[in-house]
Amino acid sequence: MLSTPPALIAVIGPIEPPLLAAWARHYRWLGIERFLIAFHFPDHVPDAQRHELQAAVRELGIIPTGTSTGPWHEHTNTQLRDALRHRAAPGWHLLADADEFQQYPAPLNEVIAQAEKSGHHVVGGLMLDRVAASGRLTGWRPEGGLDLAYPLGGHLTHRLLHGDPRKIVLARHDVTVSSGNHRAPGHRSDADRICAVHHFKWRSGVLDDLRRRVQHFTSGTWQEHTPAVRDEAGRLLAHVGRHGGVINTSDPRFAFRQVSLDQMPFSWPSEARSIFTTWRPHTHSGQD
């Protein structure tokens with residue numbers, strides 16, 4: 001059995017303090033004791049918002065490793081994340097963005113022990129996009145919680161955005177992880193033990209973030225390695241534009257249904273395995 005919980009590694013942008021608090025509570029509930037986080041704030045973020053978030057994280061008993069500002073190039077996250085991993089002690093690292101709430105079929109120490117027993121140096125996850133029942137990109141009330149505000153879970157990233165829904169959620173310290181935590185070259189996850197990554201991205205303010213991302217990547221103000229991230233943002237903006245500003249939760253492609261952070265979705269192992277093992281990068285067609 002694992003005696004030391006994995007260190008949590010995260011690069012955090014200008015999110016709302018209640019989300020950061022809910023995120024920290026969630027991972028502490030999973031058994032995380034050590035948080036190595038770095039903040040990065042693009043130039044448009046006001047000083048007051050930065051100071052509020054930095055104060056909020058300290059109130060949670062977490063001392064950020066560092067704070068940087070400036071353009072959010074595609075490589076920015078990777079560089080900051082890898083610097084945090086370098087500072088972490090040898091062992092396993094849990095990798096999670098601030099809008100990702102991981103859900104495991106067993107306690108973390110058992111998940112890692114099983115991976116080591118089977119010779120895997122990484123554990124995989126699959127995004128489960130969480131949205132409001134109406135499909136609107138709304139805010140949420142901390143007293144109600146994320147499950148109440150965004151009760152539906154489905155495969156928006158995979159089936160609408162054509163993004164890679166696969167995640168590396170746990171990795172040994174000596175394993176290199178690609179940009180976005182999507183792959184670990186040379187390593188495979190156990191496809192029969194895929195974590196659910198509840199993805200609470202689709203909240204109030206995200207459309208402005210996506211428009212800003214498209215604008216900066218298109219102009220070259222923010223550097224990109226491929227147009228994939230910009231294309232995904234454009235697909236979401238086009239979709240809500242066609243549907244009156246909301247996500248079409250009734251589209252059967254997305255398989256939206258009621259889910260909860262308290263219990264793994266019904267039939268998750270087979271559902272996740274099917275997507276995890278068959279996903280391939282999107283090829284453009286005339287229907288895009």
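Which helices do the buried residues of helix 8 pack against? They pack against helix 6 (156–159) and helix 7. The close-up views below are of a predicted model.

**View A. Helix 7 and helix 8 pack through their buried residues.**
Helix 7 covers residues 206–219. Its 14 residues reach 20 Å from the first C-alpha to the last, close to the 20 Å expected at 1.5 Å a residue. Val206, Leu207, Leu210, His216 and Phe217 are the buried residues of helix 7, and they pack against helix 8 (228–242). Helix 8 has 15 residues, which should span 21 Å at 1.5 Å a residue, and its end C-alpha atoms are 21 Å apart, in agreement. The buried residues of helix 8 are Ala233, Arg235, Leu236, Leu237, His239 and Val240. Gly220 follows helix 7 and has a positive phi, near 90°. Helix 8 is followed by Gly244, also with a positive phi, near 65°.

**View B. Gln215 is an exposed residue of helix 7.**
Gln215 has a relative accessibility of 52% and counts as exposed, because the cut-off for exposed is over 50%. Gln215 and Gly135 are 80 residues apart along the chain, and their C-alpha atoms are separated by 25 Å.

**View C. The largest nonpolar core has 41 residues.**
The members that touch the most other members are Ile12, Trp23, Tyr27, Ile37, Leu94, Tyr104 and Leu170. The elements giving two or more residues to this core are strand 1 (7–12), helix 1 (17–30), strand 2 (35–41), helix 2 (47–59), strand 4 (92–95), helix 4 (108–117), strand 8 (166–172) and strand 9 (195–199). Helix 1 gives the most, with seven residues.

**View D. Contacts of Tyr27.**
Leaving aside residues up to four places away in sequence, Tyr27 touches Leu8, Ile32, Phe35, Leu94, Ala96, Glu100, Phe101 and Gln102. Tyr27 also forms one aromatic cluster with Trp23 and Phe35.

Phe39 is buried, with a relative accessible area of 1%, and Phe41 is buried at 1% relative accessibility. Phe101 and Phe200 form an edge-to-face pair, 5.2 Å centre to centre with 80° between the planes. This second pair links distant parts of the chain, 99 residues apart: Phe101 is in strand 5 (residues 100–103) and Phe200 is in the loop between strand 9 and helix 7. Both Phe101 and Phe200 are buried.

**View F. Strand 5 and strand 9 run antiparallel.**
Four bridges join the two strands. The bridge partner of Glu100 in strand 9 is His199. Side chains in a regular strand alternate between the two faces of the sheet. In strand 5, Glu100 and Gln102 point one way, Phe101 and Gln103 point the other way, and all are buried.

**View G. A network of salt bridges links Asp97, Glu100 and Lys167.**
The side chains of Lys167 and Asp97 meet in a salt bridge, at 3.8 Å from N to O. Lys167 lies in strand 8 and Asp97 in the loop between strand 4 and strand 5, so the pair ties together parts that are 70 residues apart in sequence. Lys167 is buried, with a relative accessible area of 4%, whereas Asp97 is partly exposed at 23%.

**View H. Two further salt bridges, from a total count of 16.**
Asp192 forms a salt bridge with Arg273, with the closest N and O atoms 2.7 Å apart. Asp192 is in the loop between strand 8 and strand 9 and Arg273 is in helix 9 (residues 268–278), so this pair ties together parts that are 81 residues apart in sequence. Asp192 is partly exposed at 48% relative accessibility, and Arg273 is partly exposed, with a relative accessible area of 36%. The side chains of Arg253 and Asp251 meet in another salt bridge, at 2.8 Å from N to O. Arg253 is partly exposed, with a relative accessible area of 42%, while Asp251 counts as buried at 14% relative accessibility.

Methods. Residues are numbered from 1 along each chain as its sequence is written. Side-chain values use heavy atoms; hydrogens and water are left out. A nonpolar core is a set of buried Ala, Val, Leu, Ile, Met, Phe, Trp, Tyr and Cys residues joined through side-chain atoms within 4.5 Å. Buried means under 20% relative accessible area, exposed over 50%, partly exposed in between (1.4 Å probe, protein chains only). Contact means heavy atoms within 4.5 Å. The expected span of a helix is 1.5 Å times one less than its number of residues. Rings of Phe, Tyr and Trp (its six-membered ring) pair if their centres lie within 6.5 Å; planes under 30 degrees apart count as stacked, over 60 as edge-to-face and the rest as tilted. Two strands pair if DSSP finds at least two bridges between them. A salt bridge is a side-chain nitrogen of Lys or Arg within 4 Å of a carboxyl oxygen of Asp or Glu.
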